[in-house]
Amino acid sequence: MQHANPEAAPDVAPDAALLVAVANGDASAARVLIERLAPRLLSHATRVLSDRTEAEDVVQETLVRLWKVAPEWRQGEAKVSTWCFRVLVNLCTDKLRARKPTVDIDAIAEPAADLQSVVEQMTDTARRDALNGALATLPERQRQAVVLRHIEERSNPEIAEIMDIGVEAVESLVARGKRALGAALRGKRAELGYDDDQ
Amino acid sequence: MMMTNDAKDDLALEALFEGARSDAPGLSPDFMARLEADADAVIAKQTTPAAVKTTISLRARIAAAMVPVSGLAAATLAGVWIGFHVPSSDFADGLAFGDSADFDVSAFLPAVALSGFSDLEVDG
């Protein structure tokens, strides 16, 4: 059960109730929202942008916009987290479109060390690098949709709202993104430790 | 049984996604401090006297707009009350107030309605 009064139990109050408290000048409500939202926003931005500094910048900008919109927030119109992801996705899009496409999957996905001798150590870091490298090769919309669906675990209707497209378009983007990821990773499968016929 | 490439890809992808989900980047103390400073700055700006005055002004305008609505609602309720509380079956008798044909219509309206109308006169 969720408490509606953010002053009574700020850690379990709904995001929207906390935002109302922020609008009323409650800085502690803002801190709870930061702790709740920022890690997920930063996770998405980091994977999509492949640049921690830029990711922090867009998260910072997203939350500033949230505080500014707090006094005019209309209850029940959108989830606070969905609104934030929508702003974040657009900011990430702006960042990506301002870049030149310079990503090389082989340069990123190939672990620096000798795989034969560090199989045990390879796991987490190598897999993370491989995934991030492969994600970076996807077109921007596919990348955002795949990360939202399979890493942030957002529903297709919510992704549609975040990306301002239809649910069918989301399904198409995710499916094409996964196929492209598979193609990029297929040659790396053995290196990643997933080559057993299970 | 051999798996197809697509099935292997799905398996590999799902394992990678699962690893990524448990590998969310943490917030550095410096970054947290920046986020909190932003929040404090925006909140402070929004709760300055000028910002509060704007909010009050908006509320006052909404309240002023409600005055004629409340007066009309009170008059309607008065009419309904009369309709249900006339003791006699003769409605004309109920309106006659005994022998007098002269009466003040404001007697049917509660005080809130009158104050609403008087506010309207002042505003107008």
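A: This is a predicted model, in which local features need pLDDT of at least 70 and side-chain atom pairs count only at pLDDT 80 or more, while totals for chains, interfaces and linings use all residues. Residues are numbered from 1 along each chain as its sequence is written, chains are lettered from A and ligands numbered from 1 in the order in which they are written, and side-chain values use heavy atoms, with hydrogens and water left out. Now the polar side of the interface: nine residue pairs are in polar contact between chain A and chain B, both residues at pLDDT 80 or more. A polar contact is a pair of N or O atoms within 3.5 Å; within protein, one must be able to donate a hydrogen and the other to accept it, and residues adjacent in sequence count only if both atoms are side-chain atoms.

Q: Which helices of chain A each supply at least two residues of the side that touches chain B?

A: They are H2 (27-49), H3 (52-69), H6 (119-137), H7 (140-151), H9 (167-186) and H10 (189-192). Helices here are DSSP runs (H or I, at least four residues), numbered from the N terminus. H2(A) gives the most, with 11 residues. The residues on this side of chain A divide into 20 nonpolar, seven polar and 16 charged. Ala, Val, Leu, Ile, Met, Phe, Trp, Tyr, Cys and Pro count as nonpolar, Asp, Glu, Lys and Arg as charged, and the others, Gly among them, as polar.

Q: How is the size of an interface given?

A: Often as the accessible area lost when the parts come together. Between chain A and chain B about 3400 Å² is buried, and carbon and sulfur atoms give 63% of that. Buried area is summed over both parts and uses a 1.4 Å probe. The contact (heavy atoms within 4.5 Å) takes 43 residues from chain A and 33 residues from chain B.

Q: What about charged pairs?

A: Side chains of opposite charge can pair when their charged atoms come close. A salt bridge here is a side-chain nitrogen of Lys or Arg within 4 Å of a carboxyl oxygen of Asp or Glu.

Q: How far apart in helix H3 of chain A are A:Glu56 and A:Arg52?

A: An α-helix has 3.6 residues a turn, so residues three or four places apart point the same way. A:Glu56 and A:Arg52 are four residues apart, about one helical turn. Their side chains meet in a salt bridge at 3.0 Å, N to O. A:Glu56 is buried at 10% relative accessibility, whereas A:Arg52 is partly exposed at 31%. Buried means under 20% relative accessible area, exposed over 50%, partly exposed in between (1.4 Å probe, protein chains only).

Q: Is helix H1 of chain A largely enclosed or open?

A: Seven of the nine residues of H1 (15-23) are buried, so the helix is largely enclosed by the rest of the structure. Among them are A:Leu18, A:Leu19 and A:Val22. The cover includes H2, H3 and H4 (80-97) of chain A, together with H2 (29-46) of chain B. A:Gly25 follows H1(A), with a positive phi near 95°.

Methods
Buried area is the accessible area (1.4 Å probe) that two parts lose on being put together, summed over both.
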